[in-house]
Amino acid sequence: MSSTSRDTVIHRPRLWLSARREEAFWGYLFLLPWIIGFLVFTGGPILASAVIGFTDYNIVLAPHWVGLKNYATLFRDVHFFNSLRVTATYAVVVIPGGIAGSLGLALLMNQKVKGVTVFRTLYYLPNILSGVATAIIWVWLFNPDPRRGMINMLLHVFGIDGPKWLQSMTWALPAVMLTALWGIGGSTAVIFLAGLQDVPEQLYEAAKIDGAGAISRFWHVTVPLMTPMIFFTFITGIIGTLGTFTGPFIMTQGGPGDATMFYGIYIYQNAFVALKMGYASGMAWLMFLVVGLISALNFYLSRYWVYYEAG
Amino acid sequence: MQRLDSSTVTALAYSTTMTSGRQRRHSRSYRLRRLLGTSLVYLLLVFFAVMLGFPLFWAISTSVKPLGQVAAVPPVWWPAHPLWGNFVEAWNRVPFLIFTRNTAFITITTLAGNVLASSLTAFSFSRLRYPGRNVMFGLVIATMLIPGFVTLVPTFILFHRLHWVGTFLPLIVPAFFGGSSFYVFLLRQFFLTLPLELDEAARIDGASYPLIYAKIIVPLAKPALTAVALFEFIGHWNDYLGPLIYLNSMDHYTLAIGLAFFQGRFYTYQNLMMAASLIVLAPCIIVFLLGQKYFIQGITFTGGK
């Protein structure tokens with residue numbers, strides 16, 4: 001394996017040095033586009049948003065420094081706190097709901113029955129159907145008229161008078177959540193399925209010997225071995241949740257009232273409708289801090305519940 | 001990865017002899033229980049398939065109904081004479097041709113940029129050794145944790161200053177710089193599975209690193225690169241926020257923007273509205289059905305192992 005290069009080392013040490021340097025040169029060169037991209041499109045903008053957050057800037061006139069005024073306004077802005085509440089409520093339902101549902105689907109897809117792969121394709125499909133067109137389809141499904149909207153039509157069959165969904169202060173957010181849960185579809189389940197298939201069969205057998213029932217085997221064998229994937233899904237779920245935009249923007253424009261005013265929609269409105277770039281940057285910078293804190297906390301807590309196989 | 005210690009092996013051997021004996025004794029009730037279990041599994045599989053598939057079915061069903069049947073009581077599950085012409089009518093009501101051309105252009109160029117850039121970065125991280133490599137990779141992973149909204153405003157200001165707002169450039173150019181960290185991660189994982197001896201042998205034959213990338217790694221990594229390309233296709237085809245803030249004229253609009261813009265035009269024609277939405281989604285569905293193997297492999301590869 002590496003013996004060939006080791007031989008070269010012994011016989012031609014000077015060439016080895018330059019070879020190593022050459023490797024580093026190409027390593028950095030291949031990395032260069034990413035570094036430029038990071039500085040210009042990620043690192044730079046994060047720092048810039050911190051600075052812009054201290055200014056009044058409407059993109060037409062030159063920005064001027066206002067110190068902490070944006071943040072002072074933010075902490076008195078009921079819409080800001082509402083957008084936090086909406087986003088957090090959504091996260092608290094959709095992330096665990098998505099993980100539990102995906103785990104259930106994965107267990108189902110792990111059953112050794114004929115034709116199960118056809119179902120896998122079907123389950124995955126919603127995940128690729130995102131964006132405007134799908135949101136428009138959901139608006140149609142949530143149409144409150146039981147002769148038109150499929151959901152209230154079905155509820156009507158069971159004798160339930162369906163709510164006004166997207167036009168209701170109470171039901172608009174649950175409707176958006178349902179859409180999101182549907183959109184996750186089977187994509188996370190596919191990740192979990194790979195994890196389930198990696199669980200060594202002998203662990204189940206050993207647990208059986210110890211008298212563990214099916215439920216106990218699930219909790220004490222399957223779940224611990226799945227925790228790295230659950231953790232991964234959890235972290236990416238938080239980031240994804242904070243980026244929620246298109247679905248509610250098309251379905252409700254953040255309404256009715258403020259009922260589905262997600263953090264992202266509020267940033268968008270401030271920046272590109274009200275042209276309050278400074279204010280929006282302050283919000284974005286706060287989001288960055290919150291995400292940093294949540295992620296750090298998650299990684300810290302993960303050592304208590306995420307199980308990594310030794311070896 | 002899985003290490004067997006001796007006690008597990010003994011337990012395993014013990015358990016196989018035990019269960020086979022038990023199975024033989026209770027074979028009839030065992031078979032009955034198995035049959036019940038299988039039926040339950042199919043029942044659940046079908047239930048979830050209906051739950052997840054029904055929205056799409058209802059959209060398709062609505063799209064081929066005459067307007068009179070859209071709100072019929074009792075509901076028409078599938079029209080006796082599907083009006084496929086609704087798709088032609090929806091297509092003609094909106095400048096779909098321009099939107100499709102723009103979307104295809106943006107999608108293909110960003111896809112090419114991202115596949116190229118992320119594979120170069122992943123190559124550097126997986127096949128080459130140099131000081132600071134792991135720190136840089138950590139940085140790539142860290143950027144995965146940054147929601148897009150954090151950089152949205154300053155990036156917009158940057159493109160505004162460059163006078164790029166109103167062109168495709170803000171949507172396309174970033175793709176060529178390093179690619180998204182998710183794809184870098186996925187491709188690095190895949191590249192690491194390819195034996196390093198390939199590179200070493202090529203080096204001895206005098207191949208340069210760009211040549212190793214182009215002639216050895218890229219051809220071997222086709223399944224992973226295809227997965228990235230497919231994810232990119234779906235992502236950019238459906239992208240809304242980017243085009244929403246950067247494009248401002250009808251001849252630059254993408255399908256997502258155009259569809260949202262013309263929503264009002266279909267307001268009272270839900271059948272045409274569904275047809276228009278399905279026209280926008282059709283390429284994604286086709287791409288997915290053709291490449292589903294790569295989707296599944298790709299998503300499995302990122303599973304946080």
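**Labels and their grounds**

Mentor: This is a predicted model. Start with helix α10 of chain A, residues 201-209, where Glu205(A), Ala206(A) and Ala207(A) are buried. Just after α10(A) comes Gly211(A), with a positive phi of about 90 degrees.

Trainee: What makes Trp165(A) buried or exposed?
Mentor: Trp165(A) has 24 other C-beta atoms within 10 Å. The cut-off for buried is 20 or more, so Trp165(A) is buried. Trp165(A) sits in the loop between α7 (150-157) and α8 (172-184) of chain A. Its phi is near 45 degrees, a positive value in a residue other than glycine.

Trainee: Why is His163(B) called exposed?
Mentor: His163(B) has 9 C-beta neighbours inside 10 Å. A residue is exposed at 12 or fewer, so His163(B) counts as exposed. His163(B) is not a glycine, yet its phi is positive, about 60 degrees. The loop that holds His163(B) runs between α6 (149-161) and α7 (169-172) of chain B.

Trainee: Why is Glu23(A) called partly exposed?
Mentor: Glu23(A) has 17 other C-beta atoms within 10 Å. Buried needs 20 or more and exposed needs 12 or fewer, so Glu23(A) is partly exposed. Glu23(A) is in helix α2 of chain A, residues 13-52. Not counting residues up to four places away in sequence, Glu23(A) touches Leu128(B), Arg129(B) and Tyr130(B). Glu23(A) and Pro96(A) are 45 Å apart, C-alpha to C-alpha, and 73 residues apart in sequence.

Trainee: How do you know that the peptide bond between Gly255(A) and Pro256(A) is cis?
Mentor: From omega, which is about -5 degrees for the bond joining Gly255(A) and Pro256(A). Pro256(A) lies in the loop between α12 (246-251) and α13 (263-273) of chain A.

Trainee: Why is chain A described as more spread out than a compact globule?
Mentor: Chain A comes to 14 helices and 2 strands. For its 311 residues the globule rule gives 19 Å, while the radius of gyration is 26 Å, well over that value, so chain A is more spread out than a compact globule. Its C-alpha trace spans about 80 × 65 × 35 Å along the principal axes. Buried residues are 39% of the chain.

Trainee: Into which domains is chain A divided?
Mentor: Domain 1 covers 3-52 and domain 2 covers 70-305. Their C-alpha centres lie 38 Å apart. The contact between them takes 4 residues from domain 1 and 6 residues from domain 2.

Trainee: Which residues touch the most other members of the largest nonpolar core?
Mentor: Of its 151 residues, those are Ile136(A), Ile267(A), Ala284(A), Leu187(B), Val228(B) and Ala276(B). Helix α14 of chain B (residues 270-301) gives the most to this core, with 15 residues. Both domain 1 and domain 2 of chain A supply at least three residues. Leaving out residues up to four places away in sequence, Ile267(A) touches Ala280(A), Met283(A), Ala284(A), Phe149(B) and Leu152(B).

Trainee: How many residues does the contact take from chain A and from chain B?
Mentor: It takes 87 residues from chain A and 84 residues from chain B. The chain B side has 56 nonpolar, 22 polar and 6 charged residues.

Trainee: What confidence does the predictor give?
Mentor: The complex has an ipTM of 0.85 and a pTM of 0.85. Chain B has a mean pLDDT of 85, and 90% of its residues reach 70 or more. Over residues 1-21 of chain B the pLDDT is below 50, and this stretch has 17 contacts in the model beyond near neighbours in sequence. Where pLDDT is low, predicted coordinates should not be read in detail.

Methods
Residues are numbered from 1 along each chain as its sequence is written. Chains are lettered from A and ligands numbered from 1 in the order in which they are written. This is a predicted model: local features need pLDDT of at least 70, side-chain atom pairs count only at pLDDT 80 or more; totals for chains, interfaces and linings use all residues. A nonpolar core is a set of buried Ala, Val, Leu, Ile, Met, Phe, Trp, Tyr and Cys residues joined through C-beta atoms within 7 Å. Helices (H or I, at least four residues) and strands (E, at least two) are DSSP runs, numbered from the N terminus. Domain bounds come from an automatic or database domain assignment. Two residues are in contact if their C-beta atoms, placed from the backbone, lie within 7 Å. Ala, Val, Leu, Ile, Met, Phe, Trp, Tyr, Cys and Pro count as nonpolar, Asp, Glu, Lys and Arg as charged, and the others, Gly among them, as polar. pLDDT is the predictor's confidence in each residue, from 0 to 100. The radius of gyration is taken over C-alpha atoms; the globule rule is 2.2 Å times the number of residues to the power 0.38.
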